[in-house]
Amino acid sequence: MLTVNAIAATSATDPLVRTTIERRDLGPRDVLIEIRYAGICHSDIHTVRGEWGTVPYPLTVGHEIVGRVAEVGAEVSRHAVGDRVGVGCMVNSCRECENCRDGQEQYCLKGNVGTYGSIDRDGTVTQGGYSTHVVVDEDFVLRVPEAIPYEAAAPLLCAGITTYSPLAHWNAGPGTKVAVVGLGGLGHMAVKIAVAMGAEVTVLSQTLGKKDDGLSFGAGDYQATSDPATFEALKNRFDLIINTVSAPIDMAAYLGLLRLNGTLVSVGAPPQPLEVPVFALFSNRRTFAGSSIGGIAETQEMLDFCAERGIAPEVEVIGADAVNEAYERVLASDVRYRFVIDVDTLR
Ligand code: NAP
Ligand code: ZN
Ligand code: ZN
């Protein structure tokens, strides 16, 4: 066992605190990663505040992890000491079910092992990336290209893949009109990636406060959802809408923006159900869909795509003691556009 410094939540209401956690001894196929940066995803906040269900406190969250390989098990062949690597939202899966065999480990029929709050293969509860080190099976460790700035690479491991996967699956590209709802961590990556894929992108944000940023990320249009005229002006317009909002929104209003055969994909994960009026789907034969992160091969594809296209998240790097304040700013939609913890401040 390796005892390492970390930040943990101890209850749904108390601030996160510094602590230590245990990492398992290196198995033959394990990689020990010295973590350098860890992104703060809104899912971390939903989780620690108990919004998604029971939490095994104390819990260290964080599933946007980048660092260097510090040690490898005897049978590890994909990674070597010193490699720049990343870990996203899952650290294992059954590898045998239909979905795993198809490279869709995120949809493992037995349930993938989440990077935090899941039961690991040794029976312990997995602990996430707000810590100095992590031990992960080599098959769930990604290569992070040197072309991506270190601190900016972390958010790709969740925000990047969660938006890349539906954009690729629903064929965002030249000739398609894509709307992104919510310009936060996921939303700003959805804009950058959809633009790089060649789509025509519109941002739908609560206000016009971040319009200059949205346009600088490549969006062609930016509209405020607080203005009812937006929903009239953009009616029947989009092929694909990516909803990244962390709270319930008026689904009928957004579905009304889809053209014939258009799809609205919700990646935002509010704890409350989304209400989908079926008549809003009948018009224009619309589809309402969901999407969860992405498979390991697809995550590597996304990292290589971002490196080749020069795409990186916009980040605000913070020290370990600023995490609670950062959570409040995320909740107030005051994030531009991802907080990333400099894990050296935990050593
Ligand atoms: P975030 O940085 O907080 O971004 C969410 C954005 O939604 C905000 O910046 C804000 O954008 C908008 N928003 C927030 N509250 C709103 C409200 N009440 N009404 C309308 N708009 C609102 O969060 P994130 O890290 O991108 O995560 C977004 C959601 O995706 C979370 O629910 C998270 O759990 C989920 N998620 C899902 C997956 C998956 O696999 N499906 C993966 C990662 C995260 P504007 O200021 O522009 O309006
Ligand atoms: Zn996440
Ligand atoms: Zn499986």
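Modeller: Let's start with the open sheet of six strands, whose order is E12-E11-E10-E13-E14-E15, with parallel pairing. This is a predicted model, where local features need pLDDT of at least 70, side-chain atom pairs count only at pLDDT 80 or more, and totals for chains, interfaces and linings use all residues. Residues are numbered from 1 along each chain as its sequence is written, chains are lettered from A and ligands numbered from 1 in the order in which they are written, and side-chain values use heavy atoms, with hydrogens and water left out.

Colleague: What makes E12 and E15 the edges of the sheet?

Modeller: Strand E12 (221-224) and strand E15 (287-290) each have a single partner strand, so one side of each has no neighbour in the sheet. Strands here are DSSP runs of at least two residues, helices (H or I) of at least four, numbered from the N terminus.

Colleague: How do you know that strand E10 and strand E13 pair?

Modeller: Pairing asks for at least two DSSP bridges between two strands. Strand E10 (residues 177-181) and strand E13 (residues 238-243) are joined by four and run parallel, so they count as a pair. Ala179 is placed opposite Ile241 in E13.

Colleague: Why are Cys41 and His63 called buried?

Modeller: Buried means under 20% relative accessible area, exposed over 50%, and partly exposed in between (1.4 Å probe, protein chains only). Cys41 has 3% and His63 has 8%, so both are buried.

Colleague: And what are the bounds of domain 1 and domain 2?

Modeller: The domain assignment, which is automatic or from a database, gives domain 1 (2-158 + 294-300 + 309-346) and domain 2 (160-290). Their centres, taken over C-alpha atoms, are 27 Å apart.

Colleague: How much area is buried between domain 1 and domain 2?

Modeller: About 1800 Å², with 56% from carbon and sulfur atoms. Buried area is the accessible area (1.4 Å probe) that two parts lose on being put together, summed over both. Glu298, Ile311 and Tyr337 supply 32% of what domain 1 buries against domain 2, more than any other three residues.
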